[in-house]
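Please open the structure in your viewer and keep the selection panel at hand.

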Amino acid sequence: MKAILTDITKCIGCNECVKACTETNGLGEERAYRWRADDGLSSERYTSVLRKKGFHVRKQCRHCLEPACVSACPVGALKKTPEGAVIYDDSRCLGCRYCMMACPFGIPRYLWSSPVPYVRKCTMCYTTRLTRGQQPACTEACPVEATIFGERDALLSEARRRISDNPRLYLPKVFGEHEVGGTAVLYLSPIELDFLSLGNRLDERPMPERTMLAMAVVPPVFLGMGALMGGIYWVIERRRRLQKEKPAEKADNSDGSSDK
Amino acid sequence: MDALIEFGRGPLFRFAVAIALLGISRHAILSVIGFIRLRARVGDKRLAYGAIALNTLRRLNPLKYLVSSRWYYTVLSVAFHVGLILVPIFYLGHIRLWRSGLGFGWPALPGPVADVLSLITIVSAMLLLAARAWWKESRAISKAQDWLLPPLIAIAFLSGYLLAHPAQNPFDFSITMFVHVWVGDLLLLITPFTKIVHCTLLPFSQLVAEMAWRMVPGAGRDAVKTLGKEGQAI
Amino acid sequence: MKRLLAFKSALWFVVGAAAVIATLRFWNGLGATTALTDLTPWGFWIGFDVTGGVALAAGGFVTAFAVYVLHLDRYHAIVRPAVLTAFLGYLAVVVALLFDLGLPWNIWHMIIFWNPKSPLFEVGWCVMLYTAVLSLEFGPVVLEPSRHPTLQKLYRLLKKATIPLVILGIMLSTLHQSSLGSLFLIMPHRLHPLWYTPMLPVLFFISAIGLALMMVTTESLVSSYLYELEPETELLQGLGKVGAWVLSSYALVKLVDVALRGRLDQLFAGTFSSNLFVAEMLVSAIIPAALLFIPAIRKKPSGLAVAAFLAVGGFVLNRLNVSGIATIESTGTRYVPSWMEVVVSLGVVAGAALVYFFVAEHFNLFHVGRIDKERFRYQLPGFDPRSGVINADPYTGGFASYSIMAVLGGALALALVPASALGETPIPPRPVTAPGFGEEIIIDGDRAAEAVLFNHQEHVDMEDGNCASCHHLLRPREQATGCSRCHRDMNLKTSIFDHTLHIARLKKGPGCVACHSDIDRPKDLAHSKPCLECHTGMIPEGAAIRPRDRSRLALAPGYTTAMHGLCIGCHEKVSKDMDSKVNRLDQCATCHTGKERALDPMNPDVR
C-alpha cells in the first residue's frame, strides 16, 4: 500500500506541488467561481497549500483506507486500487454527488459550470504516473522533501522516528494513521489539523461501517416483510372465508336435520 | 432614462421575446391539435395535401394580384412586409446584440439596404393606413388593432433609422433609444394577441378551409345546435 | 368549478416557468441555475423533491396495506386516489432527480453497475421497481373503460394480480423509505448530532407511515374542496385516529433515541439547530397527534385539515433538515436555494397535480365516478378572434387559457433569471478596498485573506522615483493612479471607461463624432477613436505594462491578476542580480507569508 507523508514543519509554501499537479493532470485556469470553497481546492486544483498559524499545510485527497466515497457511489465509479489510490471513472458516473456528501474531508469537487459535469479529485496520479512505476507529481516536485511518497508502513515508521527524534517539534501523533480507519495521506504537524476535515469532529471508525448494519439487514427485512404481509393477508382472508361459510354451514345443517 | 433603456433591453426584452416565441408556439401547437381534432370529424379523409400546400403558396405570391382592381394594395403590403421581416432580424446592430447575448450571430444586411428597406416600410405603413382610412368598406371592417399597429411599427422603424443615423436625428439620443426599445418590446409582447400572429396561422388556413367542406353529413345542423342558433338564418 | 379553474391556471403558470428554467438548467449546467457549491452538493432538489417526495408518496403502500392486507374494506374509496398520488409522486421524484443528476442520461448505469454497499444504489433500485409496481397497481383504473379484448384481458389479469403486487409494493416501500434515512448515516460529519442517529432508517420508516396517513387526508380534503364533493369525514377521522397513534409513537421513539444517545441536554441548548429540532418535533408529530387524539377536532374537516397540513409541513421540514438545514452549523455552508431551484421543484409538483386532475376527470378515480365536464360535441372551424385568420378549432374551454398561463409563467421566468443562468460565467463581484498609503503598504484587497506587506518607499528608492515603472496608466490629471482605481474587482474585469461622463463633457463641443468619428458606422470599440489619441498622457514614459491592443484600454483585469502580473513579472526580470527573497517571488509564501494579519477596518492601528 503506497502512501504520502507530508511534514508540515518542512514545507516552505513554494507551491511547486500545486504547479506540478496542475501540469500533470492538465488542469485549466483557476477561476473565482461562486461555488468554489476557500480552501483552494476546485475542479481545476487537486491540491493546495493552506497557510495556518504561520505554517504551510498541503491539502489533498486523503485516499482513505476505507473510503466513504467508494462505499457511497451507487454505480462504483470510485474505486480503491491495490496501490492505495482512490480513483474515479468518468464513464460510470451519473452525477448524483453522493461521494461529495459522504467525504469526511470534503475533497471531491464538481464541474458545476459544465452542462456535462464530472467529479474531480486527486487520484495520486494513478493512471499518469503510479501505474508506470513513477511517484506522484507533487511529491516528486517538492524541493525540500516536505511531502514524500512510499510504502505506508515505511512512511509510518519514518514518521514515528521523526517524532521521537524531535518530540518538541511535533504533536505526538501521525495524522491519518487512525482517523476514519486510517488514510494513505499522512501528516506530521506541530498544530492540530482539524481544518483539513469538514464539519463535526470524527472518531477512528471507518465511515462505510456506519451504513454497513443498515445495508446488511436489507435482505432479511425485505423477505421478512413479505412473509409478514403474506401471513396477515392469509390469516384474515381465512377467517373471513370461515365467517362467510359458517352461516352457510348452519343453513346446510338445518336443512340436513330437517331432512332427517 | 438610462435605467429605463437598460430595463427595456434586459429583463423586459427577454420577457417580450419569450412571450412572442412561446405565444407563437402555443398558437402553432393549438393549430395542430385543432387540425387533428377537425380531421377526425371529416368524412372524406383523402385530402390532397400537395395541392393544398401549392395553393397556399400561390396565395402568397403577390404577382397574382397585380392585375386585380386593388393592385396598389398588394404592392404596398408586400413592400411593407419585406422590410418588416428582414430589417429587425438582419440589421447589423441587432445581430451584434444577439451575438453578445446568445454567443452566436448570423450574416447581416448591408447598411444602405437596411436603410432603404426601413424607409420603404415606414412609408408603406403610412400609406396602408391612409388607404384604410380612405375607403368606406375598409373603415367598416377595421378594428382598433388595425389602426394602432401600422403607426406603432412605423415609430419603431423610424426611431431605429434615426438611431442608425444620429447626424440626422433632431431628437435626444436617449429619448430615441428609449422609444425604439420600448416600442419594439411592446410589439413583441402583443404579437401572440394581435393579428401579427397570422405569421403562424396562415399556413393552416387553406387546409382548414378545404376540410370545412368535407364535414360529415349533418355536421352543419349539429354545429347550428351547438351554437344555439336553431331556427335562425345563417 | 371556478376554484378548480383558478387553481389549474396557477399550476399551469408554474409549469410554464419551471419548463423554461429546466431548459436553462440543461443548457448551461447545474452551476448556472442552482445555488449548490462544492461543499454543499445536495440542495433543495434532493431535500424536497427526492427525500420529501418519496415520503409524501408513501400513502400508496399504507392505504393498500390497510385495504388489501388488513381487509379494511371501508377504506376502499380512498385506495385509488392514494395509489395514483403515490404513482405520480414517484414519477415526480424521478423527473426531479433527472434535473438534479449531473449526467441524467446515465441514470440507467445503476442497472448494470452495482455497488450493493451503497444505500443510494438500494434506494435507486427500489424506487425503480416500486414505480413499476405502482403503474401495474394503477393500471386497472386506466384499462377499465377500454373495450378492446386484449386490454380487457390485461385488465382482468392485473385485477387478479392485485394482492401479490400490493405485498411486493409494501416490501419495496419498507426498504427504500427506510434506506432514504440510511443515505445520511455516512454523514456524521455534516449532520447535527440531534438528527444523526443510527436509528435514522427506522425513524424515516415510521415517519413515512405517519406522513402517508396525513397526506392521504390532505389529498382527499383538497380534491373534495376543488371538485366540490362531500368530504369523506367519516373515513378520514378513522385515518386521523390511527395517525395520532403513529405520530405519537414516532415522537416517543425519537425522544427515547435522543435520550439514549445522551443528547437530551442539547434539546434546549437554545442554538439554531436545537430550536429547529424542537420546532420540527412539535409541528410534525406532537401538535398534530394531540389534535387528532381529540374526537371533536378529528371529526371536523377543518380540524382534520389543520392537523394534516401541520404534519405534512413538519415532515417535509424534517426531510429538508436532515438533508441540509441541520448541516449548516457544522459545515458553515452559504447555500440558500436559488429561486430557480424552488420554481423547478414546484413545477414538477404542479405537473403531477395536473395529471392527477386529468385522471380524475377522465377515469373512475373517486367512488362517485369520473368528474364529467361539459364538452362540445362539434365545433365549426372559425376565425381566430384576434388574428382574423381561419382556424381549425376555435380555442374554447380550459386549454386555451391554461396555455396562456404557461406562456406567461415561462416568459416571466426568462425575464427574471440572472445573467449566470443565461450562460455568463458565475463569478461573484468582489470589490477591492484600496490600501492605506504610507511607507509600507498593507495590501489586502478583499479584506478576507491575510495581507501582504509591501514596502513602497523601498521600491520608490530603487526605481529612482520613476513612478511609471509600476503606475503604468494614469487617469486624466493624475500623477500616479493607484492600482485599485482601475482594477476595482478582485477577479472580474472592470471597465474604466465612463460613457456618461464623456457624453456630458463632449455634448457642447464636438458631440458623438469626437469618438465615433464616422457616425454612420457601427458605434463599437473597433470603429471608435482610440483613447490615446485625445488622452495623450495616459500611458506615461517608460511604463512597465503596455496594453497589447492600444484601442482596448477600457477593460482592466482583476486585481489579483494585475498585482501578480506586475510584481512577479518585474521581479523575474531583475532576479539575477538580487538576493533570494526577490528571486523567489513566484512562490506564494514569499509575499503571502501568513504572518501579516488582515487589516481590520474598525481598528486600523491594530495589526
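The stops below concern a predicted model, and each begins with something to select.

**Stop 1: chain A and its domains**

Select chain A and colour residues 2–212 as domain 1 and residues 217–259 as domain 2. The C-alpha centres of these two domains of chain A lie 62 Å apart.

**Stop 2: where chain A meets chain C**

Now display chain C together with chain A. How many residues of chain A are in contact with chain C? There are 71 on chain A, and they are in contact with 78 residues of chain C. The size of an interface is often given as the accessible area lost when the parts come together. Between chain A and chain C, about 6,400 Å² is buried, and 65% of this area is on carbon and sulfur atoms.

Next, look for the polar links across the interface. Chain A and chain C share 31 residue pairs in polar contact, with both residues at pLDDT 80 or more. The count of salt bridges between chain A and chain C is two. Select Arg97(A) and Asp100(C) to see a salt bridge, in which the closest N and O atoms are 2.9 Å apart.

Which elements of chain A give two or more residues to the side that touches chain C? Select helices H1 (16–24), H2 (68–72), H3 (98–102), H6 (207–216) and H7 (218–259), and strand E6 (109–110), all in chain A. The greatest contribution comes from H7(A), with twelve residues. By type, the residues on the side of chain A that touches chain C comprise 42 nonpolar, 17 polar and twelve charged.

**Stop 3: Gln60(A)**

Select Gln60(A), which is in the loop between strand E3 (55–59) and H2 of chain A. Is Gln60(A) buried or exposed? Gln60(A) counts as buried because its relative accessible area is 2%, and the cut-off for buried is under 20%.

Show the side chains of Gln60(A) and Arg58(A), which are joined by a polar contact of 2.9 Å.

**Stop 4: chain B**

Chain B has eleven helices and zero strands. Of the 234 residues in chain B, 37% are buried. Among contacts in chain B between residues at least 6 apart in sequence, 69% join residues at least 24 apart.

Note on methods. Residues are numbered from 1 along each chain as its sequence is written. Chains are lettered from A and ligands numbered from 1 in the order in which they are written. This is a predicted model: local features need pLDDT of at least 70, side-chain atom pairs count only at pLDDT 80 or more; totals for chains, interfaces and linings use all residues. Side-chain values use heavy atoms; hydrogens and water are left out. Contact means heavy atoms within 4.5 Å. Buried area is the accessible area (1.4 Å probe) that two parts lose on being put together, summed over both. A salt bridge is a side-chain nitrogen of Lys or Arg within 4 Å of a carboxyl oxygen of Asp or Glu. A polar contact is a pair of N or O atoms within 3.5 Å; within protein, one must be able to donate a hydrogen and the other to accept it, and residues adjacent in sequence count only if both atoms are side-chain atoms. Helices (H or I, at least four residues) and strands (E, at least two) are DSSP runs, numbered from the N terminus. Ala, Val, Leu, Ile, Met, Phe, Trp, Tyr, Cys and Pro count as nonpolar, Asp, Glu, Lys and Arg as charged, and the others, Gly among them, as polar. Domain bounds come from an automatic or database domain assignment. Buried means under 20% relative accessible area, exposed over 50%, partly exposed in between (1.4 Å probe, protein chains only).
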